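Visitor: I would like to learn how to read a model like this one. Could you walk me through it?

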Amino acid sequence: MVKEVMTSNKAVAEAVRLAKPQVIPVYPITPQTTISEYLAQYVADEKIAAKYVKVESEHSAISAAVGASGAGVRVFTATSSQGLMLMHEILFAAAGMRTPFVLADANRAISAPLNIWNDQQDSIAQRDAGWLQIYVENAQEALDTTLMAYKISENPDVLLPSMVCLDGFILTHTVEPVEIPDQESVDKFLPPYVPEHAYLDPKEPMSIGNFADPDYYTEARYAMQVAMDNSIEVIQKTCDEFAEIFGRQYGLVEPYKTEDADIIFVAMGSLCSTIRVIVDQLRDQGEKVGLLKIRAYRPFPVEAIKEAVKNCEKIAVIDKNYSFGIGGALYSDMKVKIDKEIYGFIAGLGGRDITPEYILEAYEKTKVPEKDVTWIGLKEE
Amino acid sequence: MVDIPDKDLLAPGHRGCAGCGASIGVKLALNALGENTVAISATGCLEVMTTPYPESAWEVPFIHVAFENSGAVASGVEAALRIQGKDDVNVVAFGGDGGTVDIGLQSLSGAMERGHNMLYICYDNEAYMNTGIQRSGATPFGATTTTSPQGSASFGEDKPKKDMPMIMAAHGIPYVATASIAYPEDFVNKVKKAASIEGPAYIHLQQPCTTGWGYPSEKTIEMGRLAVETGSWILYEIENGEFSITFTPEERKPVKEYLSQQKRFRHLQDEQIEKIQKYVDAQCSELGL
Amino acid sequence: MVSIGCVIKNPGNSRNNKTGSWRTFKPILDKEKCIDCDNCIIFCPDGSVNKQHDIDYDFCKGCGICANECPSDAIEMVKE
């Protein structure tokens, strides 16, 4: 094990190197680009024994990924924003065909207007594709989660692809100290992918990606729901196993001072680091406040959330995305599944900095609510 | 000679129309390639008629993902096979004309340019047949389709067929050929040659479609033969940049003989037929037929 | 329930689907006239003619290509 200072993109690339995928089809896009660059170099330097497929678009990146995973090997790809939107159709196919590969998404706003900075609209817009989505808070978590994502996705009870979501620029281009696990430990944690459900071998022909009529389609989709349900336990188990080997404990969610809190913030990704500081400040002032960081957004860990928020009075959800007429996606999911007084806040769109003041404003507006959904930091002229 | 296997690698029981030309083409191609093959298909007639779950007509490993991406899917499959050391496995991708010359063009272009060791076969029936005969970039001048209909202000498709094999040739890949299901020996030889060549290969296979072209089902091969005999479809190959005609009709028949037998052309006036004849003459003279 | 990802692990099982029921005209081969050109085998869209030129009526859809392409007129299409 070594410790190095690196960006989250480098951390993801390191995880990919350690996970030993055999095919890497990837197309550059800001702010994911450095992942594709690091991996190209690793392959060029024989640090990864993989075919790096220099595709001509994200659509082909994900298509080649499904083809390679369907053929039976471990696969990695990465993208961001417009690239993920271009992949949209094939994301559904990847999940439906049960190809368990991993995609890192450098979270970035969606055009128009064109914007290269961070929010989470891109991956949120893919939430119904049948992928597992895990949002990370820092570079270490990006590395660790990428490794765990393979083990979770490849679990025979899951067999759905995973999306590791890391905030564009805030994480992808910011350096932090990261512990890089040694290969031997990773190999122990993550053995080679040996698919049983689908592969392409002339010695044992099978047909993959077939046509299903109304007699079968519903059951095929329901089977994905069962897999998604199964993944809740698999994620927790994988996190525990990871902690045993590597000493860092993760979960479906990460509660912080929620036990006795009256108001709990709920958020995903790097924003949680800022909220944690505010929680401490408010606690110093005698406020009973906490934070629930959602790591697994799909599957939506309802029981873990219920447990974490059971004692609170109100919940303030901060979303870096928006569903028109409804509010943030996390907010609306919370409203559907959690029986509490919940308020939604939209912030940080297109890279607008979410300052401590914004979070304090959300806190005040949860204490004394004006409306159910509030856009924070809106410049109203 | 076309080798007759003990068992076809495209099994019967598939849902292709009676007289389906695509089935003939795919059957011949798979039989020529043999069992050590992985097949990829774009969405379209072929995929829908051969893989209605839980039944598949594919006796070789098969994968389909979507309409516009069979080139990219094949790239991924090829990369996965090669990294596992399976260098001897044939990788063949099939796309209809819509999935190839229209919506799948970018994905295919990328696959060809990257040099994957694979064969792409476009089974060209000159329109979107699976969705009910809409025009594609491969629909020939004058043909009526449901989206290029004849009317008081229209004689049908008003643009010539996109020259896809030459677009592929412009990629500088080692092997490009045209073929017809009516000339099975020529086609099978090309498939075998394409498979033996290292690097990407492209075969553009014309296959008449009884449903979309409007002729009786027994005339599928006859129609393909007429296309070639009139010079409407020219059989050639380009091997490492060397162009050669692989079949020359003894005497080129007038295009009218080909057009008049198909419902899609039956409305054409002499003036349009003449235009088509001139276009075909020019094509033949350009390619040296 | 369906298989994971609707994968079909016994390919060629389209043979369970007897497309012979589609047929309205039936090809009848007169083996006396047959010259072994194999056109009927090569051009059959449904792989319904074997090496001995026996026609498999379980699958033959009655398209008539074999009769049309037979150089010795050995195949006749008969209404069923």
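Guide: Gladly. Let us begin with burial: a residue is buried if 20 or more other C-beta atoms lie within 10 Å of its own. Keep in mind that this is a predicted model.

Visitor: What percentage of the 80 residues of chain C count as buried?

Guide: In chain C, 44% of the 80 residues count as buried.

Visitor: Which pattern does chain C follow along the sequence?

Guide: The pattern is β-α-α-β, made up of 2 helices and 2 strands.

Visitor: Now to packed helices. How are they described?

Guide: Two packed helices are described by the angle between their axes and the distance between the axes. Take helix H1 (residues 8–19) and helix H6 (residues 139–154), both of chain A: their axes come within 8 Å and cross at roughly 30°. Angles under 35 degrees count as roughly parallel, so H1(A) is roughly parallel to H6(A). The crossing of H1(A) and H6(A) is right-handed.

Visitor: Which residues make the contact of H1(A) with H6(A)?

Guide: From H1(A), they include A:Ser8, A:Ala11, A:Val12 and A:Leu18; from H6(A), they include A:Ala139, A:Leu143 and A:Tyr150. By class, the residues of this contact between H1(A) and H6(A) are 11 nonpolar, 3 polar and 1 charged.

Visitor: How should I think about the size of an interface?

Guide: The size of an interface is often given as the accessible area lost when the parts come together. Here we can go by residues in contact: 38 from chain A and 37 from chain B. H3(A) gives the most to the side of chain A that touches chain B, with 10 residues. That side of chain A divides into 21 nonpolar, 11 polar and 6 charged residues.

Visitor: How many residues of chain A are in contact with chain C?

Guide: There are 16 residues of chain A in contact with 9 residues of chain C. On the side of chain A that touches chain C, the largest share comes from H8(A), with 3 residues. The classes on that side of chain A are 10 nonpolar, 4 polar and 2 charged.

Definitions and conventions:
Residues numbered from 1 in each chain as written. Chains lettered and ligands numbered in written order. Predicted model: local features only at pLDDT ≥ 70, side-chain atom pairs only at ≥ 80, totals over all residues. Helix = DSSP H or I, 4+ residues; strand = E, 2+ residues; numbered from the N terminus. Buried ≥ 20, exposed ≤ 12 C-beta atoms within 10 Å, placed from the backbone. Contact = placed C-beta atoms within 7 Å. Nonpolar A, V, L, I, M, F, W, Y, C, P; charged D, E, K, R; others polar. Axes fitted to C-alpha atoms, helices over the stretch in contact; angles between N-to-C directions. Parallel < 35°, antiparallel > 145°, perpendicular 65-115°, else oblique. Left-handed = near helix turned anticlockwise from the far one by under 90°.
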